[in-house]
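Here's a quick briefing to read alongside the model. Have a look at the sequence and the structure first, then go through the notes below.

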Amino acid sequence: VTDFDPRISSLLNLDVPLRTDERPDWADVLARATPATASSQGTNRRAHASWARWPRAAVGGRARVGALAFVLLAAIATPALAFHRQIVDFISAPKASTVVVKEFGALEVLSEQGTPLGALPHSARRVTSVELNGRDVVLSVTPTKGGGYCAYWSGFGVDCGASRTNAKAFGSFHYAADPGAGVTLVQGSTIRRAAEVQVEYADSKRVTVPIVWVTAPIRAGFFLFAVPEDRQMGARRPVAVVATDDGDVIERLPIVAPRQTATVNHTDRWGRVIETPSEAVWPQRRLLVSFNAADNSLVSLYLMPSRQSSSRRCWVILSSSDCGPADVQGPPVQLAVTSTSRTGSAILSGQVRNVVSYLGLNFEDGRQMKVTPKQAFVLAPIPRSHWTRGHRLTEITGYSAAGEVVGRQAFDPRRRNTYPCTTLHDYGYGVRMCP
Amino acid sequence: VKQLRHSPSPEDLAALYEERYHRFLRVAEGIVRNREVARDAVQEAFAGLLRDRAQFRGEGSVEGWVWRAVVNAAITSRRSAEGSFAEADESTVASASPTDHDEGSEMRLRVAALPERQRLAVFLRYYADLGYREIAEALEIQTGTVSATLNQAHAALRKQLEEVTL
């Protein structure tokens, strides 16, 4: 055997050094070699049933978490954990359905207004499915331009992973709890291939969650776990999701159950049914602002005390209600522009810190407008002349009573679907909205 | 690894897998330029070997037969990635592209530019530490051809290295 020039050999070693820090996984080989688990097709019921067979429970209802529309249409309970890991080859997986391509595309179109995710809709693949009370919940994934990924569990919305460079183990994590309906889901993704994901309960017990690992370019594992009914509340409830590697905890994310706010319905003088938190003292409400929008809808702002504390207050502004500190926390100016309907009015609404005495609105065309908050609330129409590009709001400056600038908030005039319009623009992927 | 003239058992394959795993992975990574894809290629290769172990004819060594499967799986993975999914795997492309001009990255480009047989022979010789006979079995070529192929690759790389040095 004639070996190469030592210098060439050493340079070749630089290319792909031998690394022994990775353990072989013969169990994975066996799983791949077994017909039931060798398929990456979502239609293989036997394959996915083995890692997530969900006994039925007679429950139903809706659960919401953050920006995800977690609409549970089926009854679910707990998986049988026959296999904890399924590996799916992304490249050979079948293409995702056109519905899923549209979902990813719509996400991309909508997110373009803020931080583009760079999802590649037409690269989406259907990787697996689980059966939830007789319904298939299909997992489809697609890569992003930045090397990340987005996932879509049918019926549960789109979820995109965090930056790989910043994440320790979890790329995403969501907890959807609606104990009243018997529904509690733990859903997310991990970017650590070796990681085992566990749900930790309040009684310190842990259960391993099945993962579907999807190969490059996704390079992430996905999980959707239904917490058993008898472990959804109280001293046995889930308290954290934990990623471990060979027993060592890599990352632990505490589960904070969404605040359950009791609400009460009221009827105002115009016959509208208005829902408020139960701590709101509705009989002592004050109508601070009311006017008719361009589409004749009534726009109003109610303010009322809280039963809990004199340092809190409650409000109903546009169609939402809430209670909070009398002086809002955070930036001095916290406003938003919304339209009451496609042909309605553009409304400026929100709260400011108590230090803000008046606001100066600056528009693209150089014009300015002054708005005075009422009890630190703002609810004001933006004139029709400022709905079109070239004339829109660009910045709001908050001033103290002495005329000093105490805060600023920028507005992107290119942001779509903010101002009313006469003709909707087609942005593709089924997304039509005002430009 | 014992020489077998009959079909290897799952235990034989498991032993070979455990013993040589990191070298399999290294060669596959050299071919596909992506550790994750390489890992999957190795796993898939062994899964296929387990399923098809009855097809081993005993005409060569088990190790050569296994290496052939790993190399073929890696080549298939690379072609799949290049053909059907070039647009998405930007991270892979980025990581495979040298960002500096050190000698290691220069050599990576040189090796990548070699004809396929030479490139594979280099990988198996240097990343897998295989002898000529095993390389011949893995690539399904004559032992003498391995020697000639490696000499050609060596000559090409040394010439390019000298040009760079000058």
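How many disulfides does a search of the whole structure find over all chains? The search turns up three. Keep in mind that this is a predicted model. Numbered in sequence order, the bonded cysteines of chain A pair up as 1-2, 3-4, 5-6. The other topic here is a pair of helices in chain B, α1 and α2, that pack at an angle of about 145 degrees.

**Cys150(A) and Cys160(A)**
- The sulfur atoms of Cys150(A) and Cys160(A) are joined at an S to S distance of 2.1 Å.
- This disulfide is right-handed because the torsion about its S-S bond is about 105 degrees.
- Cys150(A) sits in strand β4 (residues 149-153) and Cys160(A) in strand β5 (residues 158-160), so the link ties together parts of chain A that are ten residues apart in sequence.
- Cys150(A) is buried at 0% relative accessibility; Cys160(A), at 19%, also counts as buried because the cut-off is under 20%.

**Cys314(A) and Cys323(A)**
- A disulfide runs from Cys314(A) to Cys323(A), with 2.1 Å from S to S.
- Its S-S torsion is about 105 degrees, so call this one right-handed.
- Cys314(A) is buried at 1% relative accessibility, and Cys323(A) is buried at 8%.

**Cys421(A) and Cys434(A)**
- Here the sulfur atoms of Cys421(A) and Cys434(A) are 2.0 Å apart.
- The link is left-handed, with -75 degrees about the S-S bond.
- Cys421(A) is in the loop between β26 (405-410) and β27 (425-426), while Cys434(A) is in the segment after β28 (432-433), 13 residues apart in chain A.
- Both ends are buried: Cys421(A) has a relative accessible area of 15%, and Cys434(A) comes in at 4%.

**The helix pair in chain B**
- Helix α1(B) covers residues 10-32 and helix α2(B) residues 35-52, and their axes are 8 Å apart.
- The crossing of α1(B) past α2(B) is right-handed.
- On the α1(B) side the contact includes Leu13(B), Tyr17(B), Tyr21(B) and Phe24(B), and on the α2(B) side it includes Val42(B), Phe46(B), Leu49(B) and Leu50(B).
- By type, the residues of this contact split into 14 nonpolar, one polar and three charged.

**A closer look at α2(B)**
- The 18 residues of α2(B) span 25 Å from first C-alpha to last, close to the 26 Å expected at 1.5 Å a residue.
- Helix α2(B) is mostly covered, with 15 of its 18 residues buried.

Definitions and conventions: Residues are numbered from 1 along each chain as its sequence is written. Chains are lettered from A and ligands numbered from 1 in the order in which they are written. This is a predicted model: local features need pLDDT of at least 70, side-chain atom pairs count only at pLDDT 80 or more; totals for chains, interfaces and linings use all residues. Side-chain values use heavy atoms; hydrogens and water are left out. Axes are lines fitted to C-alpha atoms, for helices over the stretch in contact, and angles run from 0 to 180 degrees between N-to-C directions. Helices (H or I, at least four residues) and strands (E, at least two) are DSSP runs, numbered from the N terminus. A crossing is left-handed if the near helix is turned anticlockwise from the far one by less than a right angle, and right-handed if clockwise. Contact means heavy atoms within 4.5 Å. Ala, Val, Leu, Ile, Met, Phe, Trp, Tyr, Cys and Pro count as nonpolar, Asp, Glu, Lys and Arg as charged, and the others, Gly among them, as polar. The expected span of a helix is 1.5 Å times one less than its number of residues. Buried means under 20% relative accessible area, exposed over 50%, partly exposed in between (1.4 Å probe, protein chains only). A disulfide is a pair of cysteine sulfur atoms within 2.5 Å.
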